[in-house]
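Student: I am new to this structure, and I would like to go through it slowly with you. Could we look at it together?

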Amino acid sequence: MKLSKELTTLTFVLLTLFCSAQNNKQQHFEPGALWPDNNGVHINAHGGGLMEFEGTYYWYGQHMIEGKAGNRAMVGVHVYSSNDLYNWKDEGIALRVSNDPESPIVKGCIIERPKVIFNKKTGKFVMWFHHELKGMGYSAAKTGLAVADSPTGPFQYIHSVNPNAGQWPLNFTAEQKQMSFPKELKSWSEEWLEAVAGGLFVHRDFGKGQMARDMTLFVDDDGKAYHIHASEENLTLHISELTDEYTAFTNRYVAVLPAGHNEAPAIFKKDGKYYLIASDCTGWAPNAARSFVADQIFGPWESLGNPCRGTEEQMNTTFDSQSTYIVENPKKAGEFIFMGDRWMPENAIDGRYIWLPIMFENDKPVIHWQEKWQLN
Ligand code: DGJ
């Protein structure tokens, strides 16, 4: 009798604990709110991207620190895991900065917008990230490579490069390859913009390799991977093919939307078409997003205008955010989620995440604000 009473009490306690654990679980997205991880700490994975592997999602992003210079890489790339995209478990630091002053990824350098893809052929997880050398501002404009045997790392840093040295974009004409440019052109003048569109910076960086700043990765249905980055002083995007191992550039690349001044590229494929969402270049301040469509990853890309819908302010600031990645909705195949960063330049660690569903209206991707929303 006593034993059955004790058993009933124990069952009740366990049930209460189970229910409260369920209640603590997040069941929706709340764009812009603090987003606690499994330890109750706001997720620290800015400029991030997701990778799905064997049914689990991994979220890689910049580990920011407190304060104004909080975007300096003092820790590295943070990784979290989730089975439902709402609740994230802290999996620690996937790529750690180095204490060795000789290392390119020494503490205090800049590591931004890390993205990871899995290579089926080698069984390796491949990370690329925008890398700036310590003390050199944003002038190095390199892309860094790191690889790991496990999705949570540790990732081994390999090197950083300015891609496609000595190669012309596939979409350059014979005339563009021969072009010469006047030495003194006033930045932002009509002649200068024309020269940029003609290949001014591709020529300048031809020997040493092209600039690579804001970036993303995209794996196509045939397993080929592409590195998409803001190049040419952020004036033109470059889309570059990666080798079968995903660890190097094949030197096949195109310069797209020349002189369009696009950064923060995020890409998805739907019904055989490629869609790109990018931003203007205004530092940490938000601006109006742009969207593009193409039948082939190498273009030509056609403008579809601002994908945001809502008030003028929401449209002009992308809901106070900047694109970083687009992921397919795991509950609704063929539907996609826009992931953006609401930067907090005064206290970088407090940056918020703006995840919103992408809808289609008149064959264009559009994004409406939602206070709270669910995958289904
Ligand atoms: C805008 C970029 O999108 C960010 O990743 C970062 O590089 C800032 N500029 C720095 O000002």
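Predicted model: local features only at pLDDT ≥ 70, side-chain atom pairs only at ≥ 80, totals over all residues.

Tutor: Residues are numbered from 1 along each chain as its sequence is written, and side-chain values use heavy atoms, with hydrogens and water left out.

Student: Which polar side-chain atom lies 2.6 Å from an oxygen atom of the ligand?

Tutor: The ligand is surrounded by Glu112, Arg113, Tyr138, Asp214, Glu263, Gly283, Trp284 and Gln322, where near means that a heavy atom of the residue lies within 4 Å. A polar contact is a pair of N or O atoms within 3.5 Å; a side-chain N or O atom of Arg113 is 2.9 Å from a ligand oxygen, and a polar side-chain atom of Gln322 lies 3.0 Å from an oxygen of the ligand. The distance of 2.6 Å belongs to a polar side-chain atom of Glu112.

Student: How much of the ligand's accessible area does the protein cover?

Tutor: Accessible areas come from the Shrake-Rupley method with a 1.4 Å probe. On its own the ligand has 290 Å² of such area, and the part that the protein covers is 88%.

Student: What is the volume of the largest cavity?

Tutor: A cavity is a set of points on a 1 Å grid over the protein atoms alone where a 1.4 Å probe fits but cannot get out, and its lining residues have an atom within 4 Å of a point. The structure holds 3 cavities of 30 Å³ or more, and residues lining the largest cavity include Trp284, Trp343 and Met344. A volume is the space filled by probe spheres set on the points, and for the largest cavity this is about 60 Å³.

Student: Which classes make up the lining of the second largest cavity?

Tutor: The second largest cavity holds about 40 Å³ of space, and among the residues that line it are Gln62, His63, Arg72 and Ile111. Ala, Val, Leu, Ile, Met, Phe, Trp, Tyr, Cys and Pro count as nonpolar, Asp, Glu, Lys and Arg as charged, and the others as polar. By these classes the lining has 3 nonpolar, 5 polar and 1 charged residues.

Student: In which strand does Lys142 lie?

Tutor: Lys142 touches residues including Phe129, His130 and Ala212, not counting residues up to four places away in sequence, with contact meaning heavy atoms within 4.5 Å. Strands are DSSP runs (E, at least two residues) numbered from the N terminus, and the one holding Lys142 covers residues 142-148 and is strand β7.

Terms used: Polar contact = N/O pair within 3.5 Å; in protein donor to acceptor, adjacent residues only side chain to side chain. 1 Å grid on protein atoms, 1.4 Å probe; cavity = no way out; pocket = protein on both sides within 12 Å on 5 of 7 lines; lining within 4 Å. Helix = DSSP H or I, 4+ residues; strand = E, 2+ residues; numbered from the N terminus.
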